Structure formats: structure tokens, C-alpha cells
Amino acid sequence: PSEHEEEGGSSSSSSGGWQCPILQKSFSDNTKIVAVCTGPNDAYVYSYEAVHELNIKPKHYEDLTTGQPFHRKKDLILLQDPADDAHTALRNINNFKHTATLRAQEQQTSRDDIRHSVTATRILEKIDKRKRDEANEEAKKKKKRDNDSKQQDENTVTKPKIFTDELMGSQMTSGKCSGSFTSTVMEITNENEAREVTDKELQKAQFAALRKLKKKGFVTLHTNMGKIGLEIHCDMAPRTATNFLGLAAMGAYDGTTFHRSIRNFMIQGGKPPSSKKETSLWGDPFVDEFDDRLTHAGSGIVSMANAGPGTNKRQFFMTYKSAPHLDRKHSVFGRVVEGLDVLKAMETVPTDKKDRPRHEIQIERIEVLTNPIPEAEELERRRVQERAHQKQRDQEQRRASALGQTIKPQKDRGVSASSGDLESSTSEHETNNKDMDTGNNGIGKYLPQNALTKLDDLLVTSTATSVDSKKRASAGKVAKASQKIAQLPKASRLKPPPKQSQFGNFSGW
């Protein structure tokens with residue numbers, strides 16, 4: 001041991017710092033330090049390098065100072081290891097549990113010592129509440145972003161690509177070909193490829209299919225005052241009907257109340273609780289949908305509530321009597337077909353100054369009885385799929401025509417032609433050649449040698465018979481010409497009749 005060795009088994013250098021008593025090297029923040037316990041209250045501190053070289057490597061577990069034996073795992077304590085971040089964090093005094101507890105107690109004590117006025121206390125409470133609300137709102141936004149990204153990934157994987165020519169019949173290009181002629185940034189291409197359809201174009205096509213289907217939807221409103229049956233005009237207001245039926249199927253209206261009732265006018269409902277944001281089925285507000293056959297005539301007309309043109313979300317109302325001043329301002333999408341007595345009972349409920357019913361009128365749930373939307377979507381999917389198959393068949397037909405091949409007609413129109421259906425024109429020529437000659441000797445690829453011999457014989461025979469046939473033909477022509485002259489009518493001295501106009505008379509105009 002060094003003469004500077006002190007109590008605890010380590011030594012101090014002449015500069016006042018601690019050092020290893022074996023290697024005589026000063027301890028720094030980058031030194032790995034261990035302690036060897038030799039008794040209940042005794043421990044000697046060394047650098048790990050010394051213990052590793054003199055104890056662990058030779059497996060000689062005796063203290064380097066006292067010579068007392070020690071256990072490698074039980075008696076060897078790691079004091080400092082710069083390579084272990086977790087161990088370094090444990091040595092930080094700010095992470096000590098008792099230190100954090102003491103600091104929290106001191107802060108609480110200092111707060112308790114300060115007496116705030118009633119106004120200051122109220123302001124501090126509002127600040128704390130606002131911080132908690134902001135934290136909760138941020139957590140909700142993060143969760144929503146995660147869900148949206150997950151849903152987007154699922155749609156990206158499962159959603160098939162639909163192009164404009166398959167959906168609408170007319171090709172709308174992506175613009176890459178024309179853009180590559182003038183832009184030096186875009187990749188050069190000479191093919192006008194059809195672009196993918198947008199969500200709005202796809203929705204428009206589905207709404208058109210729903211109109212063409214000409215079927216109604218039916219739902220039942222289960223309220224605390226009775227049942228009301230509604231007929232939904234899916235064939236005349238498909239967009240609004242899709243929004244209402246979709247929200248009803250999701251249970252968006254369950255538990256909501258009719259928050260506005262005006263006698264001799266209407267009752268309004270569908271507003272979400274204050275904690276939820278009002279949105280449509282697609283998230284954003286959608287445009288109005290008018291039809292001259294749908295008016296606010298009579299009681300029981302179901303129409304959309306809005307805050308102006310193109311602001312439809314989810315609120316709707318039912319009329320107590322005719323309201324013609326709302327025509328072409330609010331989208332009518334249904335009517336009451338059952339439960340008009342329940343609607344009249346709602347009209348008798350007293351209201352306050354803000355037209356809120358004094359007794360709660362609640363929509364317990366909405367039961368969807370008939371929904372033609374899935375059927376229309378399936379028909380539209382089949383139509384688009386058939387067009388895609390037809391497009392594929394046309395492409396294969398053009399490709400085969402360019403290569404001199406033919407495609408067999410398909411019995412099943414829904415299945416595109418495969419490569420196995422192509423027949424080469426070469427095989428057809430070979431079949432014809434086999435009919436002409438079964439021999440193997442041929443000239444070129446397509447014409448066998450015996451075919452030329454047959455052609456020569458045919459030419460000789462036709463030459464010999466051509467002389468006799470010409471003589472007979474000339475005599476026959478003279479006889480036929482004299483016969484035609486005799487049959488011609490005599491020339492008339494009257495003017496020829498006027499030529500008939502292509503328009504005829506104008507009686508059909």
C-alpha cells in the first residue's frame with residue numbers, strides 16, 4: 001500500500017485526487033471503479049483493470065491489500081462504469097428517489113405557505129384545467145392520427161385501383177405524356193395512361209347507380225314517446241340518403257335528443273353531444289341535393305338542417321305542417337309513413353324561450369329495415385369490373401393483331417383471354433400446306449414444292465381452254481346485246497319527272 005493510503009482501502013494522490021492503490025493511477029470520470037468487500041463494514045476500492053488482471057483472469061479471488069478471500073458476485077461492487085448508461089443514470093443524484101420526494105415536499109410546503117386571494121386561486125385553477133384539457137386534446141389528436149394512418153395503410157393495401165375509362169367510359173389521362181413534352185423535370189413518356197378516379201368521382205358513380213336502382217330505404221326511429229317509421233328516398237336524393245343511413249347504421253343518432261321544436265313548423269334533432277364534433281358520414285359537409293318531386297308539403301316531411309348552402313352534416317328535422325318557403329333551401333330525403341300520432345304528440349310538448357322541449361324527447365335508437373345502398377354498390381362494382389375485363393380483352397386483341405395472331409372468342413365474358421388462346425398464323429399456313437402436300441420437301445417456309453407443280457398444271461389447262469371459251473363468249477355476247485336492245489322502252493316525248501328530294505315533305509318536322 002502507498003503511504004497515502006487512507007481509510008476505506010483507496011489512496012489519494014499528491015494532487016489531492018483519489019487513485020488506485022495497486023496501479024497508482026488517478027480515478028477520473030472515465031475510469032471503471034469497483035469495491036471489494038472484505039467484511040461487514042470494510043471495503044477496498046480499486047480500478048477494475050487491476051481486479052480483472054490480478055483476480056478475475058487468474059481466478060484468484062483474494063483481496064489485493066489484505067489477502068482475504070472474497071466472492072466474485074456477492075462481494076464485488078461496481079461503483080462507476082462509463083460504458084453503462086443505465087448505471088450512470090443511477091449515480092445521478094437528481095434520479096435518487098428520496099431526493100425527488102424531498103423536492104416535492106418542499107414545493108408543496110412553499111405553496112401551502114403562500115396564501116392566494118379568491119381571484120388568484122380561481123385563475124390558477126383555470127390555468128391548471130386548461131393545461132389538463134390541452135394535454136387530453138393532444139393525446140386525442142395523436143390517437144386519431146395513428147388511427148387515420150392505420151386506416152389509410154389498410155385502404156392502400158386492400159383498395160383496388162379503378163381508372164377513369166373503367167368507371168365513366170371516357171379516358172382522362174394523368175397528364176404525364178403532355179407534361180413531359182414541355183417540362184424538363186418530368187420523366188419522358190409517350191403513352192397517354194388513364195388516371196385513377198378520385199373519391200368524389202367514385203361516390204358520384206355510386207350515387208348514379210343508386211338512382212338507377214330505384215329502390216327506397218326504410219328505418220324505424222325508436223323514441224321515448226313511441227315509434228316513427230320513415231321512408232328514405234334513396235332514388236331521388238342518394239347522397240343525403242347515404243349519409244343518413246350510414247350514420248344510422250353506425251349508431252351515431254342513438255341516445256341523441258330533439259333539441260328544437262316549434263309548433264306548427266317542425267322538430268329538429270340529430271345533434272351530437274357537446275363533447276363530440278358534428279360531422280357528416282364522410283367527415284366534411286356535403287352539398288345540397290334538390291329534386292322537384294321532393295317538397296316540404298304536408299306533415300312528416302324529413303329534411304336536412306343546415307347553416308347555409310352546402311353545409312349539410314347530420315342534423316335533420318320533421319315538419320308538423322307544410323313549409324314551402326324551405327323548398328330548394330333544405331334537402332328533402334324522406335317522409336313519415338308510420339307514427340304520425342307520435343309526431344303530433346311531440347308537437348304538444350311545451351318548450352322554453354329557446355324552443356327547447358321542457359320534457360326530453362330522445363332517440364333511443366334507429367333500426368335500419370331496408371338499405372339498398374350495398375346492392376347498388378355491388379352492381380356498380382360488377383359494372384366497373386366488366387369494363388376492366390373488356391379493356392383487358394381489347395388490349396390483348398390489339399397486341400395479338402400487331403403480332404399477326406388471333407384470339408379465340410370467350411364463352412365467359414367475365415374472364416379475359418389468356419395467352420393459351422392465341423393461335424399463330426404460322427400454324428394455319430402449315431395446316432394448309434399439309435392439305436396441299438404431305439411431303440417434307442418445301443420451298444421457303446410456307447410454300448411446298450409440289451404446290452408449284454400443281455399451279456403450273458393449272459395454268460397450262462386454263463391456257464388451252466381459254467381460246468375456245470373466248471369464241472363461245474363472243475357469240476353469246478352478241479346474242480345477249482341484241483336481246484337487251486329489243487327490250488329497251490321507246491323514248492318518250494314528255495319531260496322526265498322531277499327527282500325526289502331527300503327531305504321529302506315536311507310533315508314529320
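Reader: How do you know which residues can be discussed in detail, and how are they numbered?

Author: Residues are numbered from 1 along each chain as its sequence is written, and side-chain values use heavy atoms, with hydrogens and water left out. As the model is predicted, local features need pLDDT of at least 70 and side-chain atom pairs count only at pLDDT 80 or more, whereas totals for chains, interfaces and linings use all residues.

Reader: What makes up the chain in terms of helices and strands?

Author: The chain holds 12 helices and 17 strands. Helices (H or I, at least four residues) and strands (E, at least two) are DSSP runs, numbered from the N terminus.

Reader: Why is M304 called buried?

Author: Buried means under 20% relative accessible area, exposed over 50%, and partly exposed in between (1.4 Å probe, protein chains only). M304 has a relative accessible area of 0%, and is therefore buried. This residue lies in strand β10, residues 301-304. Leaving out residues up to four places away in sequence, M304 touches T240, N243, F286 and N312, among others; contact means heavy atoms within 4.5 Å.

Reader: What makes the phi angles of R328 and D355 worth noting?

Author: Most residues other than glycine have a negative phi. R328 is not a glycine, yet its phi is positive, at about 60 degrees; D355, also not a glycine, has a positive phi of about 65 degrees.

Reader: What makes a set of residues a nonpolar core?

Author: The set must consist of buried Ala, Val, Leu, Ile, Met, Phe, Trp, Tyr and Cys residues joined through side-chain atoms within 4.5 Å. The largest such core has 38 residues, and L230 and F244 have the most contacts inside it. Helix α8 gives the most to this core, with five residues. Apart from neighbours within four places in sequence, F244 is in contact with V219, L230, I232, Y253, F316, F333 and I366. A second, separate core of 13 residues includes F27, A50, I56 and F70.

Reader: How do you know that a space is a pocket and not a cavity?

Author: On a 1 Å grid over the protein atoms alone, a cavity is a set of points where a 1.4 Å probe fits but cannot get out, whereas a pocket is an open set with protein on both sides within 12 Å along at least five of seven lines; lining residues have an atom within 4 Å of a point. The largest pocket contains about 870 Å³ of space, a volume being the space filled by probe spheres set on the points, which are joined across faces, edges and corners. Of its 24 lining residues, the closest to the centre are K144, S275, K276, K277 and T279. Helix α4 gives the most to the lining, with seven residues.
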